[in-house]
Amino acid sequence: MDLGLKGSAAWVTGASRGIGLACARRLLEEGANVLLSARGAEGLEIARAALALEFGADRVQAAAGDAGDSKDAQAAVAVCRTAWGRLDILVANAGTGRIEGGDHPSEADWRMAMDLNVLPAAQTLRQALPLLGASGPGSVVVLGSIAGLEDF
């Protein structure tokens, strides 16, 4: 399938494994350049190296850091700006499906879930906006967690 992404630049958060890594791979298959980010530097480097071997080192970059931290998100945007001078696609995938408290989480548990799932997406978008779409319309995809499949 040709989605018309050849030469575009994408940033995928939570990209060292799982859904984020699968999104990054698919974007690369469609011809996009991809910046991977995740908190775990070791796992991120393993993912970057594997994708770089398959798709070319010039098409895959990595920035370790917490997507919910403004400085880490700014650093990731800087990597994208340096590598490709543009950002066309943001896939905000960082988060967790784990929430304490079962059917009735406490106020603290609820706030923790928001801090781990909503804040990273908002922070990455906030930091990416100046570059996102500067060369044309940009796209943002925000993924939820597996918690949407859980029975409560």
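**Figure 1. Salt bridges of the predicted model.** The structure holds 6 salt bridges, each a side-chain nitrogen of Lys or Arg within 4 Å of a carboxyl oxygen of Asp or Glu. The model is predicted: local features need pLDDT of at least 70, side-chain atom pairs count only at pLDDT 80 or more, and totals for chains, interfaces and linings use all residues. Residues are numbered from 1 along each chain as its sequence is written, and side-chain values use heavy atoms, with hydrogens and water left out.

**Figure 2. Close-up of Glu 29 and Arg 26 in helix 1.** A salt bridge joins Glu 29 to Arg 26, with 3.1 Å between the closest N and O atoms. Both residues belong to helix 1 (residues 18-29); because they sit 3 residues apart there, about one helical turn separates them. Helices (H or I, at least four residues) and strands (E, at least two) are DSSP runs, numbered from the N terminus. Glu 29 is partly exposed at a relative accessible area of 43%. Arg 26 is partly exposed too, at 35%. Buried means under 20% relative accessible area, exposed over 50%, and partly exposed in between (1.4 Å probe, protein chains only). Salt bridges link Arg 26, Glu 29 and Glu 30 in a network.

**Figure 3. Close-up of Glu 45 and Arg 48 in helix 2.** The side chains of Glu 45 and Arg 48 form a salt bridge, 2.7 Å from N to O. The two residues are 3 apart in helix 2 (residues 41-55), so about one helical turn lies between them. Glu 45 has a relative accessible area of 38% and is partly exposed. Arg 48 also counts as partly exposed, with 21% relative accessibility.

**Figure 4. Close-up of Glu 107 and Arg 111 in helix 4.** Here the N-to-O distance of the salt bridge between Glu 107 and Arg 111 is 3.0 Å. Helix 4 covers residues 107-128; because Glu 107 and Arg 111 are 4 residues apart in this helix, they are separated by about one helical turn. Glu 107 and Arg 111 are both exposed.

**Figure 5. Close-up of Leu 143 and its contacts.** Leu 143 lies in the segment after strand 5 (139-142). It is partly exposed, with a relative accessible area of 28%. Neighbours within four places in sequence aside, Leu 143 contacts Ile 19, Cys 23, Val 91, Ala 92 and Asn 93. Contact means heavy atoms within 4.5 Å. Asn 117 is 26 residues from Leu 143 along the chain, and their C-alpha atoms are 9.4 Å apart.

**Figure 6. The protein chain around the close-ups.** The chain has 4 helices and 5 strands. Their order from the N terminus is β-α-β-α-β-α-β-α-β. The radius of gyration is 16 Å, close to the 15 Å from the globule rule for 152 residues, so the chain is as compact as a globular protein of that length. This radius is taken over C-alpha atoms, and the rule is 2.2 Å times the number of residues to the power 0.38. The C-alpha trace spans about 45 × 30 × 30 Å along its principal axes. Of the 152 residues, 38% count as buried. Among contacts with a separation of 6 or more, 70% come from residues 24 or more positions apart.
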